[in-house]
Amino acid sequence: RREGADRLGFGNVAAGPPTAPVLVISWIREGALAKWNETAPDGQGVPPQSAIVSVNGISGDVQGMREQLREQVVVMEVVAPDRWRYNHEIGI
């Protein structure tokens with residue numbers, strides 16, 4: 001993103017089991033992620049409800065991942081919503 005000009009443009013909520021927490025993208029607005037989605041190759045767009053499993057190499061730490069989202073360079077590992085499910089009742 002460009003310094004001071006570009007936001008990531010998405011909201012996130014913590015989810016997943018306590019042993020493997022993730023950030024789930026709750027909405028996408030103007031920003032770097034929306035721009036990525038406009039130009040992403042087929043099948044590589046990031047829709048809402050996708051799970052962010054790591055940010056700049058940080059995983060398993062919701063606060064740490066959120067801190068990394070504030071960095072100038074952000075590299076995320078994301079799992080599409082149809083490939084990520086968490087059953088709150090049984091914890092898997």
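This report describes the fold and the sheet of one predicted protein model.

Local features need pLDDT of at least 70 and side-chain atom pairs count only at pLDDT 80 or more, while totals for chains, interfaces and linings use all residues. Residues are numbered from 1 along each chain as its sequence is written, and side-chain values use heavy atoms, with hydrogens and water left out.

The protein chain has two helices and four strands, arranged along the sequence as β-β-α-β-α-β. Helices (H or I, at least four residues) and strands (E, at least two) are DSSP runs, numbered from the N terminus.

Whole-chain values are tabulated here.

| Property of the protein chain | Value |
|---|---|
| Buried residues (under 20% relative accessible area, 1.4 Å probe, protein chains only) | 34% of the 92 residues |
| Contacts (heavy atoms within 4.5 Å) with a separation of 6 or more that join residues 24 or more positions apart | 50% |

The four strands form an open sheet in the order 1-2-3-4, with antiparallel pairing; two strands pair if DSSP finds at least two bridges between them. Strand 1 (10-15) and strand 4 (76-79) are at the edges and have a single partner strand each, so one side of each lacks a neighbour in the sheet. On average, neighbouring strands of this sheet are turned by 40° against each other, direction ignored, with axes taken as lines fitted to C-alpha atoms.

Strand 3 (residues 51-55) runs antiparallel to strand 4 and is joined to strand 4 by four bridges. In this pair, I52 stands opposite V78 of strand 4.

Key:
Buried < 20%, exposed > 50% of the residue type's maximum accessible area, 1.4 Å probe, protein only. Axes fitted to C-alpha atoms, helices over the stretch in contact; angles between N-to-C directions.
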